[in-house]
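Reader: I have a structure to go through and would like to ask about it piece by piece. Can we start once it is on the screen?
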Amino acid sequence: MASNKNIVLIGFMGVGKGSVAREVLKYSKYMALDTDDVIESMENRRIKKIFELEGEAYFRNLEKEVSLWLQNSVSDTLISTGGGFYKVKNLKKIGTIVLLDSPFDEIIKRIKNHPNAVNKLKKRPLLSDLKAAKKLYELRRPEYLALADVVIDVTKKSAQDCAKELLKKVKKYA
Ligand code: S3P
């Protein structure tokens, strides 16, 4: 178990990592950060632009850089990650891994029902082709499950309920 006492939220694009993280903050003393936000600040440009102009491999290298910083310099923080961040080699050394889990169709429904759905889809390059995204989901899900210390099924639950469940379940890792 990592000594940093971070909580690392992993899960597929659109599953609600940001929404659950914001609720967790209301009920706990964690500080929070989001790996995609850190990367956008480092680069001073949007993820979508980074993918378009530099390609995915370049983005994955930035994730690696961020993962080393998290391991070495960040503690007591709730860390939301991009859907592919879990691939970094040192994930387990960053903190307790919490997977937000839901079936693919439910995740897509959740995004489409969001008042800002168009933007939510537009900013995620890997969701532009839903067939390919489903394949990616099927490939990743067993890998997410294998890494997770805690799994929260978020299907049809409010972000608030998920946050409360999360805080209860991570207690034993504190
Ligand atoms: C990605 C997920 C995105 C973002 C990038 C790549 C992925 O983050 O990091 O577009 O590989 O699943 P969200 O999971 O917050 O959408």
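Reader: How do the residues of the shell around the ligand divide into nonpolar, polar and charged?
Author: The shell has six nonpolar, three polar and five charged residues. Ala, Val, Leu, Ile, Met, Phe, Trp, Tyr, Cys and Pro count as nonpolar, Asp, Glu, Lys and Arg as charged, and the others, Gly among them, as polar. This is a predicted model, where local features need pLDDT of at least 70, side-chain atom pairs count only at pLDDT 80 or more, and totals for chains, interfaces and linings use all residues. Residues are numbered from 1 along each chain as its sequence is written, and side-chain values use heavy atoms, with hydrogens and water left out.

Reader: Which residues around the ligand come nearest?
Author: K17, D36, R60, R124 and R140, out of 14 residues around the ligand. Being near takes a heavy atom within 4 Å of the molecule.

Reader: What lies 2.6 Å from an oxygen atom of the ligand?
Author: A polar side-chain atom of R60. The side chain of K17 also has an N or O atom 2.6 Å from a ligand oxygen, and for R140 the distance is 2.7 Å. A polar contact is a pair of N or O atoms within 3.5 Å. The protein covers 94% of the 390 Å² of accessible area that the ligand has on its own, by the Shrake-Rupley method with a 1.4 Å probe.

Reader: Which helices each supply at least two residues of that shell?
Author: α3 (47–54) and α4 (56–73). Helices are DSSP runs of H or I, at least four residues, and strands are runs of E, at least two, numbered from the N terminus.

Reader: How much space lies in the largest pocket?
Author: About 870 Å³, the volume being the space filled by probe spheres set on the points, which are joined across faces, edges and corners. Its lining has 37 residues, with D34, D36, D37, K123 and R124 nearest the centre. The largest share, six residues, comes from α1.

Reader: And how much is in the largest cavity?
Author: About 40 Å³. Among its lining residues are F12, L99 and Y144, and β4 (95–101) and α8 (130–147) each give two or more.

Conventions:
Polar contact = N/O pair within 3.5 Å; in protein donor to acceptor, adjacent residues only side chain to side chain. 1 Å grid on protein atoms, 1.4 Å probe; cavity = no way out; pocket = protein on both sides within 12 Å on 5 of 7 lines; lining within 4 Å.
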